[in-house]
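The following note sets out points on the chain shown below. Please read them alongside the sequence and the model.

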Amino acid sequence: MQRSNSRRAIQMGDQIMQVLASLLIQEVEDPTLALVTITGVRLNRDFSIAEVLYTHLRGRTAEPEITKALYHAKGFLRSRLSKELNLRGIPDLRFQWDTFLEDMVYDAPPETDS
């Protein structure tokens, strides 16, 4: 996926992230999706695909179950996005576990005293 780094893509990604986060808290009734945190949304160049990054309190062991539940709720989330945001087309949602904390914080080599 060719990501867009334009200001419009970043703003739209932030709007999508806020709406998805509030939908997961207020309207989605699947207990599997409780405590899912949407950490970011990246759009491709033509805004047809939104890569939704997420984490969960239970950690990486819950990833397959949560990903399955997110894809199950995908239609509902897209229809609610279309009502909340005035867009010509709602991007296809693709869910991916966010590994930023794992890569940058927890797996970081220990600092040495120099």
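At what angle do the axes of helix 1 and helix 3 cross?

1. Helix 1 (residues 7-26) and helix 3 (residues 74-84) cross at roughly 120°, and their axes come within 10 Å. Axes here are lines fitted to C-alpha atoms, for helices over the stretch in contact, with angles from 0 to 180 degrees between N-to-C directions. Helix 1 is therefore oblique to helix 3, given that angles under 35 degrees count as roughly parallel, over 145 as roughly antiparallel, 65 to 115 as roughly perpendicular and the rest as oblique.

2. On provenance, the model is predicted: local features need pLDDT of at least 70 and side-chain atom pairs count only at pLDDT 80 or more, while totals for chains, interfaces and linings use all residues. Residues are numbered from 1 along each chain as its sequence is written, and side-chain values use heavy atoms, leaving out hydrogens and water.

3. Ile16, Val19, Leu20 and Leu23 of helix 1 meet Leu77, Arg80, Leu81 and Glu84 of helix 3, where contact means heavy atoms within 4.5 Å. By class, this contact of helix 1 with helix 3 has 6 nonpolar, no polar and 2 charged residues. In this scheme Ala, Val, Leu, Ile, Met, Phe, Trp, Tyr, Cys and Pro are nonpolar, Asp, Glu, Lys and Arg charged, and the others, Gly among them, polar.

4. The chain has 4 helices and 3 strands, arranged from the N terminus as α-β-β-α-α-β-α. Helices (H or I, at least four residues) and strands (E, at least two) are DSSP runs, numbered from the N terminus.

5. The 3 strands form an open sheet of order 1-2-3 with mixed pairing; two strands pair if DSSP finds at least two bridges between them. Strand 1 and strand 3 (92-97) are at the edges with a single partner strand each, so one side of each lacks a neighbour in the sheet. From one strand to the next, the twist averages 30°. Helix 1 packs on this sheet and touches strand 1, strand 2 and strand 3, its direction making about 155° with that of strand 1.

6. Strand 1 (residues 36-43) and strand 2 (residues 49-56) run antiparallel and are joined by 7 bridges. Isoleucine 38 stands opposite tyrosine 54 in strand 2, and leucine 43 has alanine 50 of strand 2 as its bridge partner. The hairpin of these strands has 5 residues between them, and phenylalanine 47 takes a positive phi near 65° there.

7. Of the 114 residues of the chain, 38% count as buried, that is, under 20% relative accessible area (1.4 Å probe, protein chains only).

Note on methods:
Buried < 20%, exposed > 50% of the residue type's maximum accessible area, 1.4 Å probe, protein only.
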